[in-house]
Amino acid sequence: MSEQETKQEKKKRIRLEKKVMQPPKRHSQRKINFIVYGGVFFLVALSALSIFSNVARNLRQPIKENAVVKVEEKTGLDNQATVFLNAFIKIYFNQDLDKSNQDKLLPFFGGTLPDMKQSTNFKGQTELKQSTLLIVSDNLGRFQVDYKIKGSKEDAWHDETVQFNVPFEQKDGKYYVSDLPYMTNAQSLTASKVKQANLNKSTTIYDEAWRKKADNFLQAFFKAYTTDDNSLSTISRDVRAVKGYQFKTLDYSYYNQDKDKTQLNAQVQVTFQDKYGNSHSENFTLDLTKKEDIFFVNHLSHGIKTMKEMKKEVSK
């Protein structure tokens with residue numbers, strides 16, 4: 001029995017040895033090439049994708065950074081100017097009974113008030129309710145201002161709303177009001193930008209009779225400008241009347257004409273008065289057409305950029 005078991009074990013061992021020594025299964029050359037080339041293609045594609053991603057990210061990054069800086073710079077300028085203008089409006093619309101506030105306003109004008117041929121006439125008391133920024137553009141701040149006013153201590157308060165426009169400039173990183181503020185109707189938000197023609201003294205030779213005719217025309221024009229009557233459209237182009245005020249005086253006028261003596265530039269200062277008796281002055285630049293003794297306003301702008309030239313004329 002022991003010998004029989006030995007033979008069986010021997011047969012079993014031989015079978016196991018044959019099974020272990022059996023050569024591995026061979027793959028075809030085509031399949032091997034497919035595996036190799038596929039792996040190489042995968043690695044190349046993965047590298048190309050990584051390179052493309054890095055290039056795209058580098059191209060996008062500078063544009064994004066520049067856009068952020070530009071927005072921050074613009075917002076910073078607007079915010080600084082708005083803080084300055086809000087402080088000016090707070091002083092301008094908070095006044096005590098029969099007490100001028102020019103001393104408090106003086107620093108906002110850079111230490112020197114613009115030339116005013118007629119002193120302002122303030123009667124009553126005002127208190128600022130709120131001011132809303134409409135836009136800061138081209139060195140002009142536009143606000144909708146709500147304030148209340150009364151003529152005496154015993155009078156009742158009256159609510160008023162105006163569009164208040166403040167020209168300003170920047171010097172050494174600080175701001176100053178560069179011209180007289182002016183009022184416009186709250187709904188006239190599409191007013192044209194302030195553009196004045198440069199003065200040319202070589203063409204400013206007029207006789208007194210001609211100047212008087214021009215002054216008379218502008219007085220009639222500004223009366224229509226504050227009464228919104230039908231005559232305004234017959235003597236001007238695209239000029240809208242301002243309600244709530246009346247023309248008081250034409251304080252200053254300077255005229256410039258072209259060589260043909262048909263196109264005129266007028267720089268004037270006008271004083272208006274509200275229904276409470278308060279007066280304020282505004283500067284205007286007008287482009288006029290003159291034909292014989294007939295005048296027509298082609299364009300009206302607020303303010304006078306050549307304030308230094310105006311000061312020289314006033315001081316003479």
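Predicted model: local features only at pLDDT ≥ 70, side-chain atom pairs only at ≥ 80, totals over all residues.
Figure 1. Phe-222 has a relative accessible area of 0%, so it counts as buried. It also belongs to the largest nonpolar core, a set of 50 residues in which Phe-88, Phe-222 and Leu-286 touch the most other members. Helix 4 (residues 208-227) gives this core its largest share, with 8 residues. Here's the general idea to keep in mind: in soluble globular proteins, nonpolar side chains tend to be buried together.

Figure 2. In one, the ring centres of Phe-88 and Phe-164 are 6.4 Å apart and the planes meet at 15°, so the pair is stacked. Phe-88 sits in helix 2 (residues 29-92) and Phe-164 in strand 3 (residues 158-171), so this pair ties together parts that are 76 residues apart in sequence. Phe-88 is buried, at 0% relative accessible area, and Phe-164 is buried at 0% too. Now look at Phe-222 and Phe-247: their ring centres are 6.4 Å apart with planes at 15°, so this pair is stacked as well. Phe-222 lies in helix 4 and Phe-247 in strand 6 (residues 245-257), so parts 25 residues apart in sequence are tied together. Phe-247 has 15% relative accessibility and counts as buried.

**Figure 3. An aromatic cluster.** Which residues form this cluster? They are Phe-84, Phe-88, Tyr-92, Phe-93, Phe-108, Phe-109, Tyr-147, Phe-164, Phe-168 and Tyr-175.

**Figure 4. Glu-282, a buried charge without a salt bridge.** Glu-282 is found in strand 8 (residues 279-291). It is buried yet has no salt bridge. How far away is the nearest side chain of opposite charge? That side chain is Arg-142, and it is 12 Å away. A salt bridge needs the nitrogen and oxygen within 4 Å, so that gap rules one out. What Glu-282 does have is a polar contact of 2.8 Å between its side chain and that of His-280. Its contacts, not counting residues up to four places away in sequence, are Leu-180, Pro-181, Tyr-182, Met-183, Val-268, Gln-269, Val-270, Phe-272 and His-302.

**Figure 5. Three salt bridges.** Side chains of opposite charge can pair when their charged atoms come close, and the structure holds 3 salt bridges. Lys-148 forms one with Glu-127, with the closest N and O atoms 3.6 Å apart. This pair links distant parts of the chain, as Lys-148 is in strand 2 and Glu-127 in strand 1, 21 residues apart. Both ends are partly exposed: Lys-148 at 24% relative accessibility, and Glu-127 at 29%. Another bridge joins the side chains of Asp-159 and Lys-129 (3.5 Å, N to O). Asp-159 is in strand 3 and Lys-129 in strand 1, so the bridge ties together parts 30 residues apart in sequence. Asp-159 is exposed, with a relative accessible area of 56%. Then there's Lys-275 with Glu-160, whose side chains meet at 3.6 Å, N to O. Lys-275 lies in the loop between strand 7 (263-274) and strand 8, while Glu-160 is in strand 3, so this pair ties together parts that are 115 residues apart in sequence. Are its two ends buried or exposed? Lys-275 is exposed, at 66% relative accessible area, but Glu-160 is buried, at 18%.

**Figure 6. Trp-210 in helix 4.** Trp-210 has its place in helix 4 and counts as buried at 12% relative accessibility. It touches Tyr-255, Leu-264, Lys-290 and Phe-295, not counting residues up to four places away in sequence. The C-alpha atoms of Trp-210 and Asp-293 are separated by 8.6 Å, though these residues are 83 residues apart along the chain.

**Figure 7. Two aspartates with positive phi.** Asp-138 is a residue other than glycine with a positive phi, near 55°. Its place is in the loop between strand 1 (125-137) and strand 2 (140-150), and it is exposed at 52% relative accessibility. Asp-238 has a positive phi of about 60°, although it isn't a glycine. You'll find Asp-238 in the loop between helix 5 (232-235) and strand 6, exposed at 76% relative accessibility.

Definitions and conventions:
Residues numbered from 1 in each chain as written. Heavy atoms only, no water. Helix = DSSP H or I, 4+ residues; strand = E, 2+ residues; numbered from the N terminus. Buried < 20%, exposed > 50% of the residue type's maximum accessible area, 1.4 Å probe, protein only. Lys, Arg positive; Asp, Glu negative; His and termini not counted. Polar contact = N/O pair within 3.5 Å; in protein donor to acceptor, adjacent residues only side chain to side chain. Contact = heavy atoms within 4.5 Å. Core = buried A, V, L, I, M, F, W, Y, C linked by side-chain atoms within 4.5 Å. Phe/Tyr/Trp six-rings, centres within 6.5 Å; stacked < 30°, edge-to-face > 60°.
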